[in-house]
Amino acid sequence: QVQLVESGGGLVQPGGSLRLSCTASGMPFSMYTMGWYRQAPGKQRELVAVIFSSGITNYADSVKGRFTISRDNAESTVYLQMNNLEPEDTAAYYCNAHYSNFAADYDYWGQGTQVTVSS
């Protein structure tokens, strides 16, 4: 059974930093593309950052230069370092694991962790 467990959310002042973690179990972690998504109240879920099994990363324009995604395959964990946080970053953040081949797609989600940026 695949599980993704997120941690690290909380309340932070504008300009502050947080690091989110997502630890996976029950899956061959190194093979998966790992991503962080977020959803603010009344808005659609959006991609924040993704890291492929190769280590290549991609970011939403709104977080480029402020957020960094990384992965530790030995620990089956993906991180999102968030610096210079803005009130607009307030959202529930979700970890995603994705793998596809010619036979099937595999897509898993964590339960989410809340990030609130407010003074």
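Is Ser 7 buried, partly exposed or exposed? In this predicted model, Ser 7 is partly exposed, because its relative accessible area is 38%, a value between the limits of 20% for buried and 50% for exposed.

## Ser 7 and its surroundings

Ser 7 belongs to strand β1, which covers residues 3-7. Leaving aside residues up to four places away in sequence, Ser 7 is in contact with Arg 19, Leu 20, Ser 21 and Thr 113.

Ser 7 and Asn 96 are 89 residues apart in sequence, and their C-alpha atoms lie 14 Å apart in space.

## Thr 33 in strand β4

Thr 33 is part of strand β4, made up of residues 33-39. Its relative accessibility is 18%, so Thr 33 counts as buried; the cut-off for this class is under 20%.

Which residues does Thr 33 touch, not counting residues up to four places away in sequence? The partners are Val 50, Ile 51, Phe 52, Ser 53, Arg 71, Asn 96, Ala 97 and His 98. Asn 96, one of these partners of Thr 33, is also the residue whose C-alpha lies 14 Å from that of Ser 7.

## The disulfide

A disulfide is a covalent bond between the sulfur atoms of two cysteines. The structure contains one disulfide. This bond connects Cys 22 with Cys 95, with a distance of 2.1 Å from S to S. The angle about the S-S bond is -80°, and the link of Cys 22 and Cys 95 is left-handed. Cys 22 sits in strand β3 (residues 18-25) and Cys 95 in strand β9 (residues 91-100), so the pair ties together parts that are 73 residues apart in sequence.

Are these two cysteines buried or exposed? Cys 22 is buried, because its relative accessible area is 0%. Cys 95 is likewise buried, with a relative accessible area of 0%.

## The nonpolar core

The largest nonpolar core consists of 30 residues. Those with the most contacts inside this core are Met 34, Trp 36, Val 78, Leu 80, Met 82 and Tyr 93. Two or more core residues come from each of β3, β4, β5 (46-51), β7 (67-72), β8 (77-82), β9 and β11 (113-117).

Apart from residues up to four places away in sequence, Met 82 touches Gly 16, Ser 17, Leu 18, Leu 20, Arg 66, Phe 67, Tyr 93 and Val 115. Among these partners of Met 82 is Tyr 93, which is also listed with the residues that have the most contacts inside the core.

Note on methods. Residues are numbered from 1 along each chain as its sequence is written. This is a predicted model: local features need pLDDT of at least 70, side-chain atom pairs count only at pLDDT 80 or more; totals for chains, interfaces and linings use all residues. Side-chain values use heavy atoms; hydrogens and water are left out. Helices (H or I, at least four residues) and strands (E, at least two) are DSSP runs, numbered from the N terminus. Buried means under 20% relative accessible area, exposed over 50%, partly exposed in between (1.4 Å probe, protein chains only). Contact means heavy atoms within 4.5 Å. A disulfide is a pair of cysteine sulfur atoms within 2.5 Å. A nonpolar core is a set of buried Ala, Val, Leu, Ile, Met, Phe, Trp, Tyr and Cys residues joined through side-chain atoms within 4.5 Å.
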